[in-house]
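Please examine the sequence and the structure together before reading on.

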Amino acid sequence: MAIDPYKRRQQRLDAKRGVKRVDEDAEEGMPGLPRISRSGKFLLTASIIAAIATIGAVFWDRESVKRADTADPDNAAQVQLGRAVYFGHCAYCHGDALEGKPGWQQTFPQGGRPPTPLDADGPSPLRSDKALFEIVKYGGQPYSPRVYRNDMPGYEHRLDDAEIWAVIAYVQKQWPDAVREERRDLNR
C-alpha cells in the first residue's frame, strides 16, 4: 500500500514544525489533531503571561489616574482623561486652544469678566496647583473680592477630584517646559 504523496509532504512539514499528530493511523479522510511541541508550549505560556501583564498594567494605569491627588502633566493617561474632561466641560468658555475670551485683561470693578486664558500667557501659571484645583472645584468666587462677581462655576458636584486633577494636568501639558519648571517652587 503506497502512501499518498500529499500525506508524506504533510508529515515532513509537521516534523519540521514539531507538530505531532495524535492519531497517525486515522482514516484516510480524517486529519489528525495537532499536538503542541515543547517550544510551542513555551511560546503559548509566554504569550499568556505577556497578555496578563499587559492587562494588569493597563488596569493599574487607569486605577492610578482615578486615585490621583496631584496633577502630573507627564502622566499620559491622566493627560488623556484631562483632555476629555476639558473638552466636555471647560473648552466652551476657555477655548479649544486654552485662549480664553477677548477682553479678559480689562478692569471689571463689579466682576463679570470674560473667561481667562489657561495657556502659558494667562494668569493660570501664576497660581499653585492647589489654587487651580480649588478654583475648578469651588468656583472662582472664593478667590475674588467680596464685591466682585466671578462667573467661574464650581465643579465639585459634576467632577470628582481625579477628573479635576486630570484637567489641570492637561492644561499644564500645553505649557512650555520652561513655564512648568518655574512653577515647581509654587507647589512646594
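This is a predicted model: local features need pLDDT of at least 70, side-chain atom pairs count only at pLDDT 80 or more; totals for chains, interfaces and linings use all residues.

## Contact of α3 with α6

Helix α3 spans residues 76–89, and helix α6 spans residues 161–173. Their axes come within 7 Å and cross at roughly 100 degrees. Angles of 65 to 115 degrees count as roughly perpendicular, and α3 and α6 are therefore roughly perpendicular to each other.

On the α3 side, the contact is formed by Gln78, Val79, Leu81, Gly82, Arg83, Val85, Tyr86 and Phe87. Helix α6 contributes Glu163, Trp165, Ala166, Val167, Ala169, Tyr170, Val171 and Lys173. By class, 11 of the residues in this contact are nonpolar, two are polar and three are charged.

## Contact of α5 with α6

Helix α5, residues 129–138, also packs against α6: the two axes come within 10 Å and cross at roughly 120 degrees. The pair α5 and α6 is therefore classed as oblique. The crossing of α5 past α6 is right-handed.

From α5, the residues in contact are Asp129, Lys130, Leu132, Phe133, Val136 and Lys137. Those from α6 are Asp161, Ile164, Trp165, Ile168 and Gln172. The contact of α5 with α6 comprises six nonpolar residues, one polar residue and four charged residues.

Trp165 of α6 takes part in the contact with α3 and also in the contact with α5.

## The largest pocket

The largest pocket holds about 740 Å³ of space. Its lining consists of 32 residues, with His94, Thr116, Leu118, Ile135 and Met152 lying nearest the centre. Of the lining residues, 19 are nonpolar, nine are polar and four are charged.

Which elements give two or more residues to the lining of the largest pocket? They are α3, α4 (91–94), α5 and α6. The largest share, four residues, comes from α6.

Definitions and conventions:
Residues are numbered from 1 along each chain as its sequence is written. Side-chain values use heavy atoms; hydrogens and water are left out. Axes are lines fitted to C-alpha atoms, for helices over the stretch in contact, and angles run from 0 to 180 degrees between N-to-C directions. Angles under 35 degrees count as roughly parallel, over 145 as roughly antiparallel, 65 to 115 as roughly perpendicular and the rest as oblique. A crossing is left-handed if the near helix is turned anticlockwise from the far one by less than a right angle, and right-handed if clockwise. Contact means heavy atoms within 4.5 Å. Ala, Val, Leu, Ile, Met, Phe, Trp, Tyr, Cys and Pro count as nonpolar, Asp, Glu, Lys and Arg as charged, and the others, Gly among them, as polar. On a 1 Å grid over the protein atoms alone, a cavity is a set of points where a 1.4 Å probe fits but cannot get out, and a pocket is an open set with protein on both sides within 12 Å along at least five of seven lines; lining residues have an atom within 4 Å of a point. Grid points are joined across faces, edges and corners, and a volume is the space filled by probe spheres set on the points.
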